[in-house]
Amino acid sequence: MSSNLSPAAPHAADEAPDAPPGLRRSLKRFDITAMAIAAVISFDTVGQIATGGGEAVTWTAALALFFLIPYALLFAETGAAFPQEGGPYVWVKLALGRPAAALTTLFYWVTNPIWLGGSLVFLAAETWDGFVFHLGSGTVADYVFKLLFVWAAILTAVVSLSRGKWITTVGALVKVLSLGLFTLTATLYGIEHGFHGLTEAHFSPTAAGFLALVPILLFAYVGFEAPNAAGEEMHDPQKDVPAALGRSATVAAACYLLPVLALLAVVPVKQVTGIGGFMEGARLVFDVYGPAAGPLLTATAVMFVFALLTQGSAWMIVSDRMQAMAAADGGFFTRKLGAFHPKLGTPVRTNLLSGAVATLFMLTAMQLADGDAGAVFAVVLTVAVTTLLLSYLVVVPALVLLRLRRPEVERPYRVPFGDRGFLACAGLVYAWILVGSWSALFPGVLEGVFGIEYDFMDAWGVSRLSFESFTLGTVALLLVVGTIGVRVARRESAPA
């Protein structure tokens, strides 16, 4: 295993785990960029962001400047300096030890099967039902579609990375193409019919809009470090990671800001919905194509669903590797869970575990809120936002500790202005994550502190008790599972 770590480190347990045998270096700079784009640009959040109205554009731009840029700088430096397989798991382990790394990785990993079995599959089914082929709600066809969607994403993660990367690459291209086509078409529609949505949009930022939008925007922007989970499968991570991260971050910022602005320009804010915002907007603006509108809309819906599928696939590829490395390193239940297939070079057992969790979550979510798809969508997405953001509350301090404690590690790319620049970026990113985590876990609380009116039932479609039971119950369950996993792994690794 290649490593830039100091040989003077006092304990082997504090070092990065050895990479599984048989890994092949198949990721080049373009592949890393495409994987980051496939993972980070979230079709399911475009509509959610747009529900914030005109100020959603303002806050999207603000977070791009004051969160995305410092976030990208932090992870570009760390990802190039510590390119070991497992990415964030390795970073937290080196800084805070194996137990902290295992718990953090669990929160990071479980976000993705929850998200896949929650918001992604629900949005895909809603789109397919409305624009391609009628499925119905709760029907056999609905269940079959969702099960096929989940397991197709898992299968993409199971196949070798040299093949699976092309699926996510095509997904990234389709995603950018779809968003670009929508933005262009909305512009043409506005030129022909007028940008009536802008008359109702208010771009001035407000405290209420800030608190409502921060969690979803942070969820939309995080994840550029994800390809580092396959660090030992990159050709030249020390050079490619910073460049790929910069390119993918720029593309992601544009792919959120421009479509949201275009959507709000032609669709009145009151008509924008989280679960159908993008495609409902497409239905309206594609009218400019006349008789070709129907076939084009259907083709766009198919591309939309495919992009959602590859989005889930990209996250399964990277997060399953992180979780597998935690298990293989003796940090989570049994090392057998972290075994990589000798021919495929993928953590098949962890992949199958992800599929099982996603399936269970999907089945559970379909029973939530009496079948109200909109309420289910919002709540399950919030659970995913919460678990992911909570993991960064540990990852970001770990990056700071690595910067301060391991000055001898070669850093091919460095954040401008040395330690001060790095600490300033980390402090800014951490402040955003704190606000986002609190707002995701306890929506409406900060609004109450600032005297902002907040109707919980109107905002979420479920009572606060139901909401908090679902979100806090999930967090508590994860902590229990993670603690048990660490203790079981410790016993397995203890000498007889």
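A cavity here is a set of points, on a 1 Å grid over the protein atoms alone, where a 1.4 Å probe fits but cannot get out. Grid points are joined across faces, edges and corners, and a volume is the space filled by probe spheres set on the points. With that in mind, this structure holds two cavities of 30 Å³ or more.

This is a predicted model, in which local features need pLDDT of at least 70, side-chain atom pairs count only at pLDDT 80 or more, and totals for chains, interfaces and linings use all residues. Residues are numbered from 1 along each chain as its sequence is written, while side-chain values use heavy atoms, leaving out hydrogens and water.

| Cavity | Volume | Lining residues by class |
|---|---|---|
| Largest | about 50 Å³ | seven nonpolar, two polar, no charged |

Let's visit the largest cavity. Its lining (residues with an atom within 4 Å of a point) includes Ile32, Ala36, Phe224 and Asn228. Helices are DSSP runs (H or I, at least four residues), numbered from the N terminus. Helix H1 (29-40) and helix H10 (237-266) each supply at least two lining residues, and H10 has the largest share, with four.

Around the second largest cavity sit Ala39, Val40, Thr111, Asn112 and Trp115, among others. Here H1 and helix H5 (98-131) are the elements giving two or more residues to the lining, and H5 gives the most, with three.

Terms used. 1 Å grid on protein atoms, 1.4 Å probe; cavity = no way out; pocket = protein on both sides within 12 Å on 5 of 7 lines; lining within 4 Å. Nonpolar A, V, L, I, M, F, W, Y, C, P; charged D, E, K, R; others polar.
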